Amino acid sequence: MARNVFISFLGTNNYLQTRYQWEQEEPSKPVRFIQEAILSRIAKDWTENDRIFIFYTEGDQGSFKLNWKNNGHTRFNEGDEKDQELEKIGLEQRLHELGLKAEIKGLTIKEGFSEDEVWEVFNTVYGVLLPGDKIYFDITHAFRSIPLFASSLFNFAQYTKGTEVMSVNYGAFEKLGPVYKVKTMPIEERVAPVVDMTKIVRLQKLTETATSITEFGRIKKLSEVITSSNRDNEINDYIKNITTAISDLDEAIQTSRVKIIKEGKYFIKFNNYFKGAKNRSGMNRPLQVLLDKLKNELKNFVPGNDYKNVEAAIAWTYDHDMLAQAATLAQEYMISYTVDYVKKRGIKNPYLELKGEEKKKDPKTSFREFVGAILAIPEKDIKNKDFRGDLNVYDSLRATLLEIDLIKDIRKEYDTLREVRNSINHGKGDNSFEDMKKELDESYKKCLNVIHCYTL
C-alpha cells in the first residue's frame with residue numbers, strides 16, 4: 001500500500017508562536033513550528049505505514065540543536081513578558097505530543113554551501129522515498145537551493161519511483177511583519193496565511209507536457225497533468241473533456257484508424273470545450289498558454305467528416321518524425337478514399353450477398369481489402385491474368401475497378417508508397433532515416449496529387 005510521506009526542512013530561527021490559516025478554514029491553534037499545524041491538519045488518519053521526515057542540520061548553529069531538541073533557543077528577553085514562552089520546546093517533542101500513528105524520523109542533511117553538498121541533500125531526500133509514495137512537502141523553512149531543486153527532485157522521483165506530490169505548503173509568517181513587531185501582538189492575532197504552492201511545483205509537468213506536444217507529437221497524457229493545475233472545478237470539467245477528445249485522436253493516430261480521424265468527432269468536442277474553458281475567468285496563465293499552444297498545433301484539423309483531418313494527421317505524424325504511423329496512415333488513406341470514390345459510382349459490394357459460412361466475413365472490411373488488393377496488383381500479373389484469392393473469384397468486379405480512372409492513376413504511385421511503407425515498418429533496406437522520410441514525403445505527395453483530381 002502506498003505511504004503518505006511528509007517532508008520538511010527545519011530552520012534555525014527562534015520561532016514565535018503563530019496561528020496558521022489555510023484559505024477559508026479556521027486558523028490553527030498557536031504553534032512555534034508550522035510542521036505542527038500542517039500535520040495536525042493532514043496526518044490525523046495516517047497509519048503506522050506512513051512516515052514523517054524532518055531534515056535538519058548539525059553543529060552549534062544547526063537546526064538539530066536549535067530547534068529539534070528542547071531549549072536550543074532562549075527567550076528573546078527574559079524580562080519581556082510579551083514573549084510568553086518560558087521554555088522553547090523542540091519540534092521533536094512537539095510532534096510526538098500530537099499523538100500521530102505515523103513514524104517520525106529526523107535526518108541530518110548538509111547545509112548546501114557547495115554543489116557537492118547540494119547533491120548530498122538531493123540524494124538524502126530521494127533516498128527516503130519508496131515507490132508509490134504520496135508526498136506532502138512543507139517548503140516554509142527550506143534554505144538556499146532546496147526550494148529550487150525540490151520540484152525537480154519530486155518530478156524525478158515520479159518517473160523513477162512512481163511517487164506523487166499531493167501538496168506543497170508555505171507558511172507566510174513574514175506577512176505579519178518583522179519579528180520584533182509580531183512579538184508585541186497577542187498570540188490570538190498572529191494569524192499567518194498558508195500558501196498552496198502545489199500548482200507552481202506542477203508547472204514543470206505542464207512544461208514537460210508542452211514539450212511532449214511540440215517535440216514528439218504525443219498528447220495522450222495531457223489530462224492527468226493539466227486537470228491538477230487549477231482549483232476551478234468547472235474548468236477541470238472542460239479540461240477533462242478536452243483531453244478525452246485529444247486522447248481519442250492520439251489513439252486513432254497510433255492505431256491508424258482512418259475512419260475515426262476522418263469523422264473529426266474529437267475535434268468538434270475539443271473546439272466546444274476549448275471555447276468553454278477559455279471563457280472562464282479562473283484559468284491560470286500557464287494553462288491558458290498550453291491550451292493556446294495545443295489549439296495552434298491542431299489548426300489543420302477541421303470539424304465535421306472530412307478527409308482534411310486525415311491529411312492533418314499524416315502531416316502531424318510526419319512533422320513529429322513518427323514515420324511508421326505516417327506511412328501507414330498515408331497508405332490507408334489512399335485505400336479509404338478509393339473505396340469511397342468507388343461507392344459513389346454505384347459499384348455494388350458483392351460481399352453483402354454472401355451466404356452460409358462465407359457470410360461470417362465482414363462485408364465492409366472484405367470490400368476494402370479487395371480494393372486495396374486492386375491498387376497493389378503488379379502490372380505483370382494483370383498482363384498475365386495471374387490473379388489469386390478473391391481477385392480471381394470476383395473477376396467482374398476486378399475488371400470494373402481496373403477501368404476506373406482514379407484507380408488507373410493512383411496505381412502508378414501507390415505501389416511506390418506501399419514499398420516505402422513496408423521499408424519503414426518492416427526494416428527493409430539500409431536507407432538512412434532522412435532518406436526514408438524524403439521517400440515517404442515524395443511518394444505520399446504524388447498519391448495526394450492524384451486523389452485531389454477526383455472529387456468524391
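## Charge pairs along the helices

Asp-441 and Lys-445 lie 4 residues apart in helix α21, so about one helical turn separates them. Helices here are DSSP runs of H or I, at least four residues long, and strands are runs of E, at least two, numbered from the N terminus. The two side chains form a salt bridge, with the closest N and O atoms 3.4 Å apart. That term means a side-chain nitrogen of Lys or Arg within 4 Å of a carboxyl oxygen of Asp or Glu. Lys-445 is partly exposed, at 44% relative accessible area. Buried means under 20%, exposed over 50%, and partly exposed in between (1.4 Å probe, protein chains only).

Helix α20 (residues 405-425) holds Asp-415 and Arg-418, 3 residues apart, about one helical turn. They meet in a salt bridge of 2.7 Å, N to O. Asp-415 is partly exposed, at 32% relative accessibility.

## Basis of the model

This is a predicted model: local features need pLDDT of at least 70, side-chain atom pairs need 80 or more, and totals for chains, interfaces and linings use all residues. Residues are numbered from 1 along each chain as its sequence is written, and side-chain values use heavy atoms, leaving out hydrogens and water.

The whole structure has 22 salt bridges. One of them joins Asp-133 to Arg-3, with the closest N and O atoms 2.7 Å apart. The pair links distant parts of the chain, 130 residues apart: Asp-133 sits in the loop between α4 (115-127) and β5 (134-138), and Arg-3 in the segment before β1 (4-9). Asp-133 is buried, at 0% relative accessible area. Arg-3 is also buried, at 8%.
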